[in-house]
Amino acid sequence: MRRQDEHHRAVYPPLDTLKPVAPDVWIVDSGPLHAFGLALPVRMTVIRLSDGGMWLHSPTRHVLGLRHDIERIGPIRHLVAPNVAHWSFVKGWSAACPLAAIWAAPGLRDRSPVKASGLRIDHDLGPASPPAWAGEIEQRIVPAGFGVSEVAFFHAPSRTLVLTDLVENLEPDKIGPIARPLLRAAGAVAPDGMAPAHLRFVVNRRRSEARAVVAEIVGWNPVRVIFAHGRWFEHDGAARLRRSLRWLLD
């Protein structure tokens, strides 16, 4: 299969387009994102807050038409980089939306590639929601070793959980034949996708702390679970989430 065909297969069209999934919640599928020689789908989540402002989680590439579509719903006020891997497109959105505040996972601002990029970071995300979205979006930090963490968010009005890499659920027919056994071995292939092996390794460095946080997240009983890579959980969110996190909870 030609490389171009493989890239087309890896994504979830239409790309760079708002797709409604619940009241005041949208996703944007984009990509492919190239990592470790693989072409991976990547996803942003967009939430409209009660003040009308738009909250962009794990921004994908900035596209003018997409930004205009979002701004027709409300002003873009928050750009969220939820872990150490999902930050590279924030700068493009920040340049186009200079009044938007940039929120980053703990420690992201200290990483050499981030410093070299010149990315402005306004706020570090903490274990509890800031006043900007308290009462609407709950948040918790899932700790890991080696300075890694992921911030999980729960949009209470729609009961939507927003993760990044803590679950990956890549569909086999969207993965090339060479990559498929590697990703299956890493535990990131649907229908039983979970955190990939490298992330499980670092989370297990702080297993007891992470387990307590993840148990609380599952206890939010989400209806749906959105994450950055692969087929997200459109229904039965809590049960499917528990299954994906069995490596940590059991």
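A residue is called buried when its relative accessible area is under 20%, exposed when this value is over 50%, and partly exposed in between, as computed with a 1.4 Å probe on protein chains only. The model examined here is predicted, and for that reason local features were required to have a pLDDT of at least 70 and side-chain atom pairs were counted only at pLDDT 80 or more, whereas totals for chains, interfaces and linings use all residues. Residues are numbered from 1 along each chain as its sequence is written, and side-chain values use heavy atoms, with hydrogens and water left out.

Asp29 is considered to begin with. This residue is placed in strand 2, which covers residues 25–35; strands (E, at least two residues) and helices (H or I, at least four residues) are DSSP runs, numbered from the N terminus. Because its relative accessibility is 4%, Asp29 counts as buried. When residues up to four places away in sequence are not counted, Asp29 touches Tyr12, Pro14, Leu15, Asp16, Thr17, Lys19, Val42 and Arg43, where contact means heavy atoms within 4.5 Å. The side chains of Asp29 and Arg43 are joined by a polar contact of 2.7 Å, a term that denotes a pair of N or O atoms within 3.5 Å; within protein, one atom must be able to donate a hydrogen and the other to accept it, and residues adjacent in sequence count only if both atoms are side-chain atoms.

Side chains of opposite charge can pair when their charged atoms come close. In the whole structure, 15 salt bridges were found. One of the pairs is formed by Glu71 and Arg67, whose side chains meet at 3.5 Å, N to O; both residues lie in helix 2 (residues 64–73), four residues apart, which is about one turn of the helix. Glu71 counts as partly exposed because its relative accessibility is 33%, whereas Arg67, at 13%, counts as buried. Helix 2 also holds Asp69 and Arg72, three residues apart and again about one turn of the helix, and the closest N and O atoms of this salt bridge are 2.3 Å apart. Asp69 is partly exposed, with a relative accessible area of 31%, while Arg72 counts as exposed at 64%. A further salt bridge is found between Asp122 and Arg120, with 2.8 Å between the closest N and O atoms; Asp122 is partly exposed at 31% relative accessibility, and Arg120 is likewise partly exposed, with a relative accessible area of 34%.

The backbone was examined next. A cis peptide bond, with omega about 0 degrees, joins Pro13 and Pro14, and Pro14 lies in the loop between helix 1 (3–10) and strand 1 (18–22). Gly31 and Pro32 are also joined by a cis peptide bond, with omega about 5 degrees, and Pro32 belongs to strand 2. Asp16, found in the loop between helix 1 and strand 1, has a phi near 55 degrees, a positive value in a residue other than glycine, and counts as buried because its relative accessibility is 14%. For Arg159, too, phi is positive and near 55 degrees; this residue is placed in the loop between strand 9 (149–155) and strand 10 (160–162), and its relative accessibility of 34% makes it partly exposed.

Note on methods. Salt bridge = Lys/Arg side-chain N within 4 Å of Asp/Glu carboxyl O.
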